[in-house]
Amino acid sequence: MIKDNISVVKSNIVAACKRAGRDCNDVTLIAVSKTKPVSDIEEAYQTGTIDFGENKVQELNTKYPVLPQDIKWHLIGHLQTNKVKYIIDKVTLIHSVDSFKLAAQIDKEAEKCGINKDILIEVNVADEDTKFGLRYDETIDVVKEISTLKYVHIKGLMTIAPYTEEPESNRIYFKKLRELSETISSLNIPNVEMKELSMGMTGDYEVAIEEGATLVRVGTGIFGNRSYPQ
Ligand SMILES: *Cc1c(COP(=O)(O)O)cnc(C)c1O
């Protein structure tokens, strides 16, 4: 089932790339495995998927030691500064950096471990009260501030678009995030790369790819609905 879902998502990705005239090697599928058991992740891994996304530090820490070491873990959920130390040496990319304070903590822990850490800056493009992320118009200043940190490297931007049944309605937010990344890129800030755009989930990843997504985060479309404890 999971295998079939992955092949459907992958062929949708290829089709979206074709429509947009993009090379599909520039789009990475991140399988969002939050709330799902290790056995589901193993099944997805068998298809050659090695990028997985989790939104909770504790869950990632539980799964990490029992799964293959070549998995690339993406932290996609809100991160508290006091929890950075638990994941710093486990994650490939932290998608959800939305303050200088958090970036500074990542910098500090990375230095302790003797590593560098790639991060994305989360932008609340649709300006939703319920979401984390920087306001659109404060992003450039915060990017400049974070760029001064030595062990933290900004690789791009991330957004979580509003929940919708109508993917086209999110196109405007994906477009705005791409435009912001182009603006930042044109500023040539040292230690800042605008290589990645992490945007698009099960309901809207195809539109996101048409607007330039390089990382799509798909959970339900691969693993099925999530059930949360009541
Ligand atoms: C859960 C989650 C996803 C995946 O959502 P689906 O709609 O199940 O694909 C993507 N990004 C983030 C940040 C998430 O928390």
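Is Phe52 buried or exposed, and what relative accessibility does Phe52 have? In this predicted model, local features require a pLDDT of at least 70 and side-chain atom pairs count only at pLDDT 80 or more, whereas totals for chains, interfaces and linings use all residues. Residues are numbered from 1 along each chain as its sequence is written, and side-chain values use heavy atoms, with hydrogens and water left out.

Phe52 has a relative accessibility of 0% and therefore counts as buried, a class defined by under 20% relative accessible area, with exposed meaning over 50% and partly exposed the range in between (1.4 Å probe, protein chains only). A search of the whole structure returns one aromatic pair, where pairing requires that the centres of Phe, Tyr or Trp rings (for Trp, the six-membered ring) lie within 6.5 Å, and where planes under 30 degrees apart are stacked, those over 60 edge-to-face and the rest tilted. The pair is formed by Phe52 and Trp73, whose ring centres are 6.0 Å apart and whose planes meet at 45°, so the arrangement is tilted. Because Phe52 belongs to strand β2 (residues 51-54) and Trp73 to strand β3 (residues 72-75), the pair ties together parts that are 21 residues apart in sequence; helices (H or I, at least four residues) and strands (E, at least two) are DSSP runs, numbered from the N terminus. Trp73 is likewise buried, with a relative accessible area of 1%.

Charges also sit over rings, a term that requires NZ of Lys or CZ of Arg within 6 Å of the ring centre and within 35 degrees of the ring normal. Lys90 lies over the face of Tyr64 at 5.7 Å from the ring centre, and the charged end of Lys176 is placed over the ring of Tyr136, 4.6 Å from its centre.

Helix α5 (residues 100-113) comprises 14 residues and should span 20 Å at 1.5 Å a residue, which agrees with the 20 Å between its end C-alpha atoms; the expected span is 1.5 Å times one less than the number of residues. Buried residues of α5 include Leu102, Ile106 and Ala110, and among the elements covering the buried residues of this helix are β4 (91-97), β5 (117-122) and α6 (139-146). Just after α5, Gly114 adopts a positive phi of about 70°.

The structure contains zero disulfides, defined as pairs of cysteine sulfur atoms within 2.5 Å. The sulfur of Cys17 lies 5.2 Å from that of Cys24, the closest cysteine sulfur, and this is too far for a bond. Cys17 is buried, at 1% relative accessible area, whereas Cys24 is partly exposed, at 31% relative accessibility.

Notes
Contact = heavy atoms within 4.5 Å.
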